[in-house]
Amino acid sequence: MQKMDKIADFAEITPTARIMTPAHGWRAKCLQRLVRLELPVPETVALPAQTVRGIAAGQQVDVAAILAHFGEGALISVRPSPENPDWGGPGTILNVGMNAGRHAALVEKHGQAAADALYLRFVQSYATHVARLDPDMFDAAPSAEALRDALRVYELEMEEPFPQDAGRQLAEVLRSMARAWEGTTARLLRQAKGAAPEAGLGLVVQEMAQGIGKGVSGSGVMQFVDPVTGLAQVTGRYLGQSQGRDALKKTDAIYLTRDVRGPSLEDIAPEVFAELVAHGARCRTKLREEMQIEFTIEDGRLSVLDAVKVARSARAGLKIAVALARDGIITENEAVLRVAPRSLTEMLHFQVDPRGPRDVFIKGIAASPGAATGRIVFSSAAAQASAARGEPCVLVRRETAPEDIRGMHSAIGVLTERGGMTSHAAVIARGLGLPCIVGASEMKLDGKEKTLTAQDGRVLREGDVITLDGSTGEALMGATEMLAPALDEDFRTLLGWADAVRDIGIRANADTPADAATARRFEAQGIGLCRTEHMFFEDDRLVVMREMIFADTSKDRAAALARLLPMQRDDFVQLFSIMQGLPVCIRLFDPPLHEFLPQSREGLRELAEALDRPLSEVVRRAEALSEFNPMLGMRGVRLGVVLPEIYDMQAQAIFEATVEIARGGAAVVPEIMIPLVSAKREVELVKARVDAVAAKVRAKSGVEFAYKLGVMVETPRAALRAGEIAQHAAFLSFGTNDLTQMTYGLSRDDAGRFMNTYVQQGVFPEDPFHVLDVDGVGELLHIGAERGRKARGDLVLSICGEHGGNPESIDFCRKAGFDYVSCSPYRVPLARLAAAHLAL
Ligand code: PEP
Ligand code: MG
């Protein structure tokens, strides 16, 4: 055995044998556990990875030593056993050892047809997987003639008769499986699933339990949960006179339980069925997992050949983990760790049923998850008309602007040609929980003809039915089967367990009462960002907001502000009541003006009407307000410094709402946040005025209240000067959307055009608007946090850009000592779970 030209390093699987994983692989390890549980596993030996590697390199294996473990003339199977089941491996080969002599014996025992079928099956798999002959030459249905043909074709092609010696057959099977593992495609596939380049393959050789013969004989698979829903339920198939996983492939296979139509295994072999159920329960408790059991019955005698983890959907994965913890089989923390945070997202929304066909016609950036089917419309007006008719529609636009809000509310999904993760369409759709694809730059829109030309040239028209899959960024032709959201008791239970261990707060970005209600439903710990200008995106409110922006005299502006004040106050009262004492952080106006200016002549005319001014005057004013670089222009605190009465109105609305809530007996400490700060003086100016408004409201109402004033760090300068800024701020919240835009000098609204190319060519590892750039933007965050905390020990730190919900960003923020992250309401569950994973 030490001679390197003949290797026979293998381990027999017995209750006491020491199977050395990971070299022997997951299957060997699992079989050993089944043996220890005293399940009826046939004789098995396991070859470790180093032996298999030697075989692939041409070393001769001592097959006689292996065969000596099995009875004279036994048939055996060889199965792959890599370290991780997800890494694949070559297909199982059954019935090794089959030859003319064994065939004759089987004819005696089980009859001609059964013996022929078995021999043919082995010749077919040996010819195609070991000798690598063309499968088409060996695909005949079982018959005596087919067997003869197969043996003849083999001999013709290989210029030798079909090998009869079991030792030679086994040596060849081992060699071909060992080599298949070393192939380039197999290597790439497993490396994509996390395998190390040097990962090896173990092999498992097992005595065949024949599923053919007299009495009840056959094979099947059994599992104890539904793989899609995760509900406890015996599922599987059984097929008489069959082997391996035949029962899963053949239509004449029968069900296992009696509660289904037609005959079942429970009917024909109740004792075996009961035995299987008992084995299943044992596996679940002892292996601490839902397993699928592969079994064979030979004349009423049961053998368990294999057990694999049940393949499952995300929703089933959650249910299984919770059920195992509830039954005391795993701990609650283990259940938390068994559910991948990103898998939650698909449970919050409708999802394209993964079992159905997918006819993709365009791919873009997956900007907001979930799926929806509807008819194409190309304008917001058409979307509203469609909704009025009760017809679900998908709004397809080059990009969206504030006047599309009504259209977006009416649509069930949004698809845009331009934009990135933080463009208008993406942010709004995520807030509304609508599936959204942006930056689908390969599609061509013809507004006049009302057509959309897909990547492959197919032309779609208004009214055509499509399905958006916002989780993958793919738009599909026609309607697809859907899975409904799964926000049930188990979902809440698991997140409750996650909350018990996590050590960073999770708040939601919520702009409207509807968003706040969603945030509460997902159990956010408060609102981390309320973008107040978004409260005016809707209906007639947009007009008042525009009036305020368009006002060119302080009298006109005062009139518009007077109309905005009660709207804002009511909004805040609602937000405070919905959040029931949880913190609410309100950002003062930050309207990039271009988002509020009408984009079309039509829009300008509407505005002229609403303002009762001549169109020419409105056009002139729009031109005067338009900026070359609106995202770097009159935004955020700059508006507050230049036109302070706007922030005065907002502060008044916030404080009056606070007083109203206080009078109702509840206490609120509002948090007010100043956007787009770059200098200390900006904060001083705003703070002085907000303090003055607070004093006025206190005096007038006779009600005492407290509030906190903080700063959004969205410019590199604010991060660098965080020390002096923090002197006037109770908290700093990093707005990583703008901070990323400004750190890279990369427009957040235009990046979608070239981001794919940049990522493909490895310029950026990921879209930095999607995954926080910890090296560059992250360094600014570190600097800001450190300088801020040095100046003020009790400074509260958080992040509220779209990155807030990403597990990688949460990891960063936790390590940097942040107090909380804030993300869109629909990402809150993912963030809660990801934070728990990081803490465990
Ligand atoms: C940000 O810039 O990160 C942010 C949260 O603000 P907005 O997206 O509204 O600019
Ligand atoms: Mg910002």
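What percentage of the 840 residues of the chain count as buried, and how many residues of helix H26 are buried?

A: This is a predicted model, in which local features need pLDDT of at least 70 and side-chain atom pairs count only at pLDDT 80 or more, while totals for chains, interfaces and linings use all residues. Residues are numbered from 1 along each chain as its sequence is written, and chains are lettered from A and ligands numbered from 1 in the order in which they are written.

Of the 840 residues of the chain, 50% count as buried, a residue being buried if 20 or more other C-beta atoms, placed from the backbone, lie within 10 Å of its own, exposed if 12 or fewer do, and partly exposed in between. The C-alpha atoms fill a box of roughly 105 × 60 × 50 Å along the principal axes, and the chain holds 34 helices and 32 strands, which are DSSP runs numbered from the N terminus (H or I, at least four residues, for helices; E, at least two, for strands).

Helix H26, residues 644–663, is mostly covered, with 14 of its 20 residues buried. At 1.5 Å a residue its 20 residues should span 28 Å, which agrees with the 29 Å between its end C-alpha atoms, because the expected span is 1.5 Å times one less than the number of residues. After H26 comes Gly665, whose phi is positive, near 100°.

For the wider setting, an automatic or database domain assignment divides the chain into domain 1 (6–207), domain 2 (218–312), domain 3 (351–483) and domain 4 (502–591 + 635–839).
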